[in-house]
Amino acid sequence: MAEMGSKGVTAGKIASNVQKKLTRAQEKVLQKLGKADETKDEQFEQCVQNFNKQLTEGTRLQKDLRTYLASVKAMHEASKKLNECLQEVYEPDWPGRDEASKIAENNDLLWLDYHQKLVDQALLTMDTYLGQFPDIKSRIAKRGRKLVDYDSARHHYESLQTAKKKDEAKIAKAEEELIKAQKVFEEMNVDLQEELPSLWNSRVGFYVNTFQSIAGLEENFHKEMSKLNQNLNDVLISLEKQHGSNTFTVKAQPSDNAPAKGNKSPSPPPDGSPAATPEIRVNHEPEPAGTATPGAALPKSPSQSSLPAVVVETFPAAVNGTVESGSGAGRLDLPPGFMFKVQAQHDYTATDTDELQLKAGDVVLVIPFQNPEEQDEGWLMGVKESDWNQHKELDKCRGVFPENFTERVQ
């Protein structure tokens, strides 16, 4: 019997809820049709608009803050791998190895500390701030339903009072229901009328505190990271002073595909064979005063003022069995600045007006770019030997071409 009673109560509650929904739906239809007046509160509606705006802004801020934290974590991982690479290549007998290792360790700890403080002082505060919105949003929606119930009860009571044949019992019951509905609505309305403006005003202090925390943490992080970087720089300068006088040779690696010039990328040679590349020797020793330098010294940035000049040396070219200087000076039959000869191993179809059209077997006299900044990696400037012998005019004959379509012959 008890079970049946429980089921009966449950069924009755469900039926009551269904009836409430139907009554509310009918009331809203009548209000939209203008057949029933609707209680309006413009001040409260403005509070609701502010609430929705505040929720949207807070949700966006939370999303962007999580993105920022993810970026910090990614940078931490990248920095950690870079330092691990330095430890692997740092040979045991090099000075400063222990110092470099300690700097890498402190670098890792600094990143960890920065990320954790951002979580504690910004993200968790952000989550707490947004945590109050779901409950208030639910109460706003419930207030809206109770307002419809109140309007419905009011209209029902008014209709019974204006009826031609009055039923005092029904009027009394309707009045009782109206008072009850009004009380429930007003209790919720009063609470929200107090909370919503307070919540709206709290956003200013929250935004200030959040961004102050982020700015302060980031400022301190960069200060500490700057110290570590300066220490690492000092270690590397010490290493350079001990080993920087050594001369070592760097050979450019041929590519299987011609690098892009601008927005264009020529096709690779038909057989995929790389072209021979000139050997480049890098010398860290400064030239003695009064000694002619075979090549042009690379410019140094202000941060490299303490380092020895890096000099690029190019090998002299042999023409008809005679060794010529790299600049081509003194040879009237060679273009100014001539460096070396190459021979096309494959046909190359020019795709722009500044490119050379090559046939397999063509000999090209390589010359420097007028503006070195315009040279793209993998491309050379030159003039076909046949064109030079015929015209002797660089402006009409010179052009760029992909280095890996050719092979150095002299």
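Helices (H or I, at least four residues) and strands (E, at least two) are DSSP runs, numbered from the N terminus. This is a predicted model: local features need pLDDT of at least 70, side-chain atom pairs count only at pLDDT 80 or more, and totals for chains, interfaces and linings use all residues. Residues are numbered from 1 along each chain as its sequence is written, and side-chain values use heavy atoms, leaving out hydrogens and water.

**Salt bridges**

- The whole structure holds 15 salt bridges (a side-chain nitrogen of Lys or Arg within 4 Å of a carboxyl oxygen of Asp or Glu).
- Asp 135 and Arg 139 sit 4 residues apart in helix 4 (residues 133-161), about one turn of the helix.
- Their salt bridge has its closest N and O atoms 3.6 Å apart.
- Arg 139 also forms a salt bridge with Glu 195, at 2.7 Å, N to O.
- Glu 195 lies in helix 5 (residues 168-243), so this pair ties together parts 56 residues apart in sequence.
- Within helix 4, Glu 158 and Arg 154 are 4 residues apart, about one helical turn.
- Their side chains meet in a salt bridge of 3.7 Å, N to O.

- Glu 158 is partly exposed, with a relative accessible area of 36%.
- Asp 135 is partly exposed at 46%, and Glu 195 is partly exposed at 30%.

- An open sheet of 5 strands runs in the order 9-8-7-6-10, with antiparallel pairing (at least two DSSP bridges between two strands).
- Its edge strands are strand 9 (399-402) and strand 10 (406-408).
- Strand 8 (residues 379-384) pairs with strand 9 over 4 bridges.
- Gly 382 has Gly 399 in strand 9 as its bridge partner.

Conventions
Buried < 20%, exposed > 50% of the residue type's maximum accessible area, 1.4 Å probe, protein only.
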